[in-house]
Amino acid sequence: MSRVSIPRLIEKREKREPIVMVTAYDYPAARAVERAGVDMVLVGDSGAQVLLGYASTVEVSVEEMLMMSKAVRRGTESAFMVSDLPFGSTEESDVQAVQTAVRFVREAGVDAVKLEGANESRLSRIRAIVAAGIPVVGHIGLTPQTATALGGLRAQGRTIESAERLVGEGLAVQAAGAFCLVIEAVPSEVVDVLREALTIPIIGIGAGKADGQVLVLHDLLGITEGKTAKFVKTFGTIGDDTVAAIAAYADEVRAGSFPAPEHQYPVTPEAVEAARAALLRA
Ligand SMILES: Nc1nc(=O)c2c([nH]1)NC[C@@H]1CN(c3ccc(C(=O)N[C@@H](CCC(=O)O)C(=O)O)cc3)CN21
Ligand SMILES: CC(C)C(=O)C(=O)O
Ligand SMILES: [Mg+2]
C-alpha cells in the first residue's frame, strides 16, 4: 500500500470509500496495523487508560504521548499517523498549542495532530496550529478530556439544543482549518446532517457509518477489561488468549516440562568438566 496522504483521504470521502482508522500506542501494534493495511493510525490519549492504566485521559503527559508516538512512528510506513494532543498541552494559549504540536512533528514525525472541542478558544488553537503548517484533525461530540463538563462520558447530540450545537461546532471546526473531523458518541442521523454540510471527511466512533470509523485497538482485540462503551465491537480474544498463554507457561515451568531439551544450548563434556575443576580450585 502506498503512503496515505490528505488528498487520498479527501478522495476516499468523495468516492464514498470508507476510511479505516485504529489506535496504536507501541511498535508491535503499529506493525500489526500496518500489515492489516489500515488508512489512518491514531496515537490516542486513550493510551492513558488502555496502555498506562490511568483512570482518565487527562492524566497522560506530553512526554508519555511522545514516547508512544515515537514507537508508533517507527512501526508505521503507509498509514497516515495522527497523535492526540493531551489535556493541558494546548489550553493556556495559541503559542503553547503551536509549541506542543511542533514537538509532535519534530520529535515523533506525526502527519497531523488531533485536538478536542470547538469553543472559541479551541477554534483559535486549531487556526494557530494550521497556520504553523501542521494538519489538524478535530474531535467533537463526546470529548473525554472535558467529560466532567459534559456530565460524564455521555452520548451527545440527542436533544434539540445539543444537536443544533453539534452542527455549529462541525462547521466551525472545518472553517478553522481542520482537514478531518472525529465525531464520538452521536446519533447517526445527526452525523448525516453534518455530512451534508461538511466537505472534510468525518470519522465516526459510536456515530454511525460516517466517512470512516475509528476504534480503540485494545477494545477491538478484546484486551480491555470490564465494561466497554456501547459503540465497541470485539473482533478478537487477545485478552483471554494472553492470560491462557501466560498460565500455560507457568504450568509448564512448575511441572518441569519447560524448558525442554530443544530450548537449551549444547556444550561439550570437557567444558562441563573444566567448570567443575574450576569450582574445586576456587
Ligand atoms: N478503552 C477505551 N475505549 C475508548 O473508546 C475510549 C477510552 N478507552 N478512553 C478514552 C475515551 C473514553 N471513551 C468512552 C468511555 C466510555 C463510554 C461509555 O461507557 N458510554 C456509555 C454511556 C453513554 C450514555 O450514557 O450516553 C455507553 O453505554 O456507551 C463512552 C466513551 C472513549 N474513549
Ligand atoms: C477514541 C479516539 C477517537 C480517541 O480520541 C482516542 O483513542 O483517544
Ligand atoms: Mg482521544
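A: Start with the annotations: UniProt positions are given in the numbering used here, feature names are shortened, and annotations may be inferred rather than shown by experiment. This is a predicted model, in which local features need pLDDT of at least 70, side-chain atom pairs count only at pLDDT 80 or more, and totals for chains, interfaces and linings use all residues. Residues are numbered from 1 along each chain as its sequence is written, while chains are lettered from A and ligands numbered from 1 in the order in which they are written.

Q: Which residues does the UniProt annotation "binding site" cover?

A: The unreviewed UniProt entry gives Asp45, Asp84 and Glu116. They are spread over 72 residues of sequence but cluster in space, with a largest C-alpha distance of 10.8 Å.

Q: Where is Asp45 found, and is Asp45 buried or exposed?

A: Helices (H or I, at least four residues) and strands (E, at least two) are DSSP runs, numbered from the N terminus. Asp45 sits in the loop between strand E2 (40-43) and H3. A residue is buried if 20 or more other C-beta atoms lie within 10 Å of its own, exposed if 12 or fewer, and partly exposed in between; C-beta atoms are placed from the backbone. Asp45 is buried because 28 other C-beta atoms lie within 10 Å.

Q: What does Asp84 contact?

A: Two residues are in contact if their C-beta atoms, placed from the backbone, lie within 7 Å. Leaving aside neighbours within four places in sequence, Asp84 contacts Val43, Gly44, Asp45, Met65 and Lys114. Asp84 belongs to strand E3 (residues 80-84) and has 29 C-beta neighbours inside 10 Å, so Asp84 counts as buried.

Q: Which residue does UniProt list for "active site"?

A: The unreviewed entry lists Glu184, a residue of strand E6 (residues 180-184). Glu184 counts as buried because there are 22 C-beta neighbours inside 10 Å. Not counting residues up to four places away in sequence, Glu184 touches His139, Gly141, Leu142, Ile205, Gly206 and Ala207.

Q: Which residues surround ligand 2?

A: A residue is near a molecule or strand if its C-beta atom, placed from the backbone, lies within 6 Å of it. Around ligand 2 are Thr23, Leu42, Gly44, Asp45, Ser46, Asp84, Val182, Glu184, Ile205, Val214 and Val216. For classes, Ala, Val, Leu, Ile, Met, Phe, Trp, Tyr, Cys and Pro count as nonpolar, Asp, Glu, Lys and Arg as charged, and the others, Gly among them, as polar. This shell divides into five nonpolar, three polar and three charged residues.

Q: Which residues come nearest to ligand 1?

A: Of the 16 residues around ligand 1, these are Ser46, Ala155, Val216, Ala229 and Lys230. Helix H3 (47-50) and helix H9 (217-221) are the elements that give two or more residues to the shell. By class, the shell around ligand 1 has eight nonpolar, five polar and three charged residues.

Q: Which residues touch the most other members of the largest nonpolar core?

A: In soluble globular proteins, nonpolar side chains tend to be buried together. A nonpolar core is a set of buried Ala, Val, Leu, Ile, Met, Phe, Trp, Tyr and Cys residues joined through C-beta atoms within 7 Å. Here the largest core has 66 residues, and Ala24, Val41, Val113 and Leu181 touch the most other members. Among the contacts of Leu181 are Val137, Ile140, Val173 and Leu198.
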